[in-house]
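This report is meant for a reader who is meeting the structure for the first time. Please look over the sequence and the model before reading on.

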Amino acid sequence: MVTGEEMHQIDRYAIEEIGLKEELLMENAGLAFVNCILPLLEKKTDRVAVLIGVGNNGGDGFVISRSLLEKGYQVDVWLIPPLEKVKGTAKYHMEVFAKCGYQILNFENFTYEHFLEKLTSCTYLIDALLGTGIRGSLRSPYKEIIPAVNKLDRTVISVDLPSGLPSSEVCEVEEAIKATYTVTLQCPKLSAFTYPAREYYGELSVVDIGIPRLAINEISNERFLWTEKDVKRTLPVRKPSSHKGSHGKALIIAGSKTMTGAPVLTTKACHRLGAGLVTLAIPDVAHEVVASQIIEATFHLCSSKNGEINDTHLSDKQLKDRYDAIAVGPGIGRNNTGSFLKTLLTDFQKPIIIDADGLYYLKRYISTLRTRGGATILTPHSGEFAFLINESIKTVEENRFSLSKQFAMQHGVYLLLKGPNTIVTTPTGNQFINPTGNSALAKGGSGDVLTGMVLALVMQQQDLQPAISNAAFLHGKAADILTSHGFSPLSVLASDLVEIMPQVLDRF
């Protein structure tokens with residue numbers, strides 16, 4: 001996962017330190033792009049317009065155009081800037097294109113109306129205008145062409161990223177191509193995982209253009225996309241000789257008199273993801289309602305005040321000997337002091353997952369995080385994270401990567417920042433982006449399910465980051481499967497995520 005500047009540095013390293021030719025990398029990029037989009041194209045009926053700008057994105061456009069023409073497709077190749085402004089490797093590939101006998105349509109030789117008329121005769125538009133090199137506001141003729149392309153009812157395929165978008169984290173979008181598909185070259189760009197920029201990418205694919213892994217690791221080794229391959233590689237497998245104690249003894253501190261659903265969802269999700277033994281600590285006033293919905297867990301009844309947990313009354317010995325990890329927060333309310341959380345943070349030296357109302361109380365005791373002996377995993381959504389760091393939700397949304405990293409490193413925690421493309425940040429600052437999930441998860445209770453999943457996997461995997469990332473991936477995958485099998489994003493319930501989990505796990 002890179003910014004545009006990091007990608008430029010990776011290219012330079014591959015060229016200057018490793019010795020790859022820039023012309024070769026551009027050829028690889030164009031051919032990989034074409035191979036990716038071929039299933040979309042019908043040779044006999046489709047006409048393709050390639051819109052080419054200056055810079056490497058434009059050079060890719062010439063390779064793409066030549067490859068499509070060589071394969072027999074009907075292609076109009078539009079050079080938007082004046083011919084003399086094409087420099088370097090892009091100029092090299094433009095000259096190769098011309099020497100192959102193919103025609104370039106110079107935008108400056110046509111009226112704007114004629115140009116648009118020609119575009120409407122094409123089925124597909126390939127956007128090779130600006131790429132990662134954009135700086136500042138759009139200039140003419142791009143500021144006129146881009147909105148005009150967006151108004152055409154055509155399939156638009158962008159090269160690397162939609163023209164007009166920045167490749168960095170902060171994405172105030174003035175005007176950009178709204179692509180139907182985007183084929184990203186070698187490394188996903190950061191803006192593909194932040195909003196509103198993500199909405200311009202359409203369906204995203206990533207293609208390998210032959211840059212050695214060494215070049216990428218030398219420049220950018222802190223952000224990674226957590227993929228299905230990673231899940232299959234790291235998901236725990238039960239041994240035939242295992243028993244219930246082998247898979248963790250969990251404590252969930254959750255629920256209140258008015259929020260009895262949250263502990264049910266968290267507990268059931270924890271069981272579904274393989275926890276061996278689960279104890280649910282709830283206020284005594286909620287026990288009867290919650291116990292009627294859960295038959296697998298044991299219960300620890302807590303004294304209550306205002307219908308919420310007042311004190312857990314768990315001794316140091318109980319905490320040390322009975323439980324391998326604790327999750328605290330779902331549905332506990334905000335009407336008491338939450339002093340029991342401080343006791344947990346100081347006395348329990350194993351992993352603690354804090355979510356929901358637990359994060360509200362955590363703000364009072366945040367100074368204890370750095371000195372904890374055990375791992376701390378926080379799972380806020382943007383609003384909860386904004387509350388923790390005294391920032392606006394808008395600021396969090398615009399700086400999800402940088403603020404997550406800063407907080408996780410400062411307090412020595414694992415931070416799972418929920419939302420579209422959930423980010424898992426480790427205490428050392430490494431970040432893992434989750435590609436699964438959809439708007440069906442934007443509903444009360446889905447976070448409670450995720451908390452139970454994180455708790456279960458944390459107890460079964462020695463390395464905490466894969467455990468947390470796997471929980472986020474499977475949680476999102478459940479929503480994706482539901483919405484692809486008859487459920488509307490409007491109709492999915494948090495309990496549906498728990499019920500479908502056996503099918504999700506079966507895929508892995």
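## A threonine in a loop

Where is T368 found? In this predicted model, T368 is found in the loop that runs between helix α14 (357-362) and strand β15 (376-378). With a relative accessible area of 13%, T368 is buried, because buried means under 20% relative accessible area. The side chain of T368 also reaches the backbone oxygen of Y365, at 2.7 Å.

## The sheet and a helix across it

Strand β15 belongs to an open sheet of 11 strands with mixed pairing, whose order is β8-β18-β17-β16-β15-β14-β13-β9-β10-β11-β12. The edge strands are β8 (223-225) and β12 (308-311), each of which pairs on one side only. On average, and with direction ignored, neighbouring strands of this sheet are turned by 25 degrees against each other.

Within the sheet, strand β13 (residues 325-328) pairs with strand β14 (residues 352-354) in the parallel sense over 3 bridges, and A327 stands opposite I353 in β14. Helix α13 (residues 339-347) lies across β9 (249-253), β12, β13 and β14, and the helix runs at about 150 degrees to β14.

## An enclosed space

How many cavities of 30 Å³ or more does the count give? The count comes to 1 cavity, and about 30 Å³ of space lies in the largest cavity. The lining of the largest cavity consists of W226, T422, V424, F432, I433, N434, S469 and A472, and the elements that give two or more residues to this lining are β18 (431-433) and α19 (464-483).

Technical notes: Residues are numbered from 1 along each chain as its sequence is written. This is a predicted model: local features need pLDDT of at least 70, side-chain atom pairs count only at pLDDT 80 or more; totals for chains, interfaces and linings use all residues. Side-chain values use heavy atoms; hydrogens and water are left out. Helices (H or I, at least four residues) and strands (E, at least two) are DSSP runs, numbered from the N terminus. Buried means under 20% relative accessible area, exposed over 50%, partly exposed in between (1.4 Å probe, protein chains only). A polar contact is a pair of N or O atoms within 3.5 Å; within protein, one must be able to donate a hydrogen and the other to accept it, and residues adjacent in sequence count only if both atoms are side-chain atoms. Two strands pair if DSSP finds at least two bridges between them. Axes are lines fitted to C-alpha atoms, for helices over the stretch in contact, and angles run from 0 to 180 degrees between N-to-C directions. Contact means heavy atoms within 4.5 Å. On a 1 Å grid over the protein atoms alone, a cavity is a set of points where a 1.4 Å probe fits but cannot get out, and a pocket is an open set with protein on both sides within 12 Å along at least five of seven lines; lining residues have an atom within 4 Å of a point. Grid points are joined across faces, edges and corners, and a volume is the space filled by probe spheres set on the points.
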